[in-house]
Amino acid sequence: MTVTIRPAVPDDAATLATLGAATFVEAFGHLYRPEDLQAFLQENHTPAAYAKALADPRYALWLAEDAAGQAIGYAQAGPCGLPHPDVQPEDGELKRLYVRAGYQSGGVGRALMDAAMAWLLRDGPRTLWVSVWSENFGAQRFYARYGFAFAGEYAFIVGQQRDREFMYRREPVPT
């Protein structure tokens, strides 16, 4: 399977919104009441939300596309916004990494992660963060392979539901 990873551009906002909503529903839609899920998607996975991130130089997004040019995954990185007392202003965060269900376990996630890590570390070593649903054991193992270790937890809120979300930290690795 031929996959291309490329930086997202402002014209990709609608594609990212569609892909972001679809991958979130594939991964977590079963956890939420329909009205809570819809409200979450309308707040977080809209063309306007992605356009805002794409216009902010503190953030970067990448698209994974199959040989036909179909968007099959994406990653987003930027400054850390997690509610952990050790977070510093210079810390970076992998905000999102999603791959369509039919394309998982084929290296797409790794390619997106590698692009995000290179961007996050472009100015040298720094502390990096990522958050993962407490029951997403595959993602937890994936991030551990990149040097992330458990650092705490918080409540991830979707409507009336509070999910147990784990925060993982990767200490600066000297180059």
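How far apart are the mean positions of the 16 positive and 20 negative charges of the chain? They lie 3 Å apart. Lys and Arg count as positive, Asp and Glu as negative, with His and the chain ends not counted.

This is a predicted model: local features need pLDDT of at least 70, side-chain atom pairs count only at pLDDT 80 or more, and totals for chains, interfaces and linings use all residues. Residues are numbered from 1 along each chain as its sequence is written, and side-chain values use heavy atoms, without hydrogens and water.

The chain has 5 helices and 7 strands. Helices (H or I, at least four residues) and strands (E, at least two) are DSSP runs, numbered from the N terminus. Their order is β-α-α-α-β-β-β-α-β-α-β-β. The radius of gyration (over C-alpha atoms) is 16 Å, close to the 16 Å of the globule rule for 175 residues, so the chain is as compact as a globular protein of that length. That rule is 2.2 Å times the number of residues to the power 0.38.

| Chain property | Value |
|---|---|
| C-alpha box along the principal axes | roughly 40 × 40 × 30 Å |
| Accessible surface (Shrake-Rupley, 1.4 Å probe) | about 9100 Å² |
| Buried residues (under 20% relative accessible area) | 48% of 175 residues |

Now to strand 5, residues 128-133. In this strand, 6 of 6 residues are buried. Leu128, Val130 and Val132 point one way; Trp129, Ser131 and Trp133 point the other way. In a regular strand the side chains alternate between the two faces of the sheet. Strand 4 (residues 92-99) runs parallel to strand 5, joined by 3 bridges. Pairing requires at least two DSSP bridges. Leu94 has Val130 of strand 5 as its bridge partner.

How values were computed:
Buried means under 20% relative accessible area, exposed over 50%, partly exposed in between (1.4 Å probe, protein chains only). The place of a charge is taken as NZ of Lys, CZ of Arg, CG of Asp or CD of Glu.
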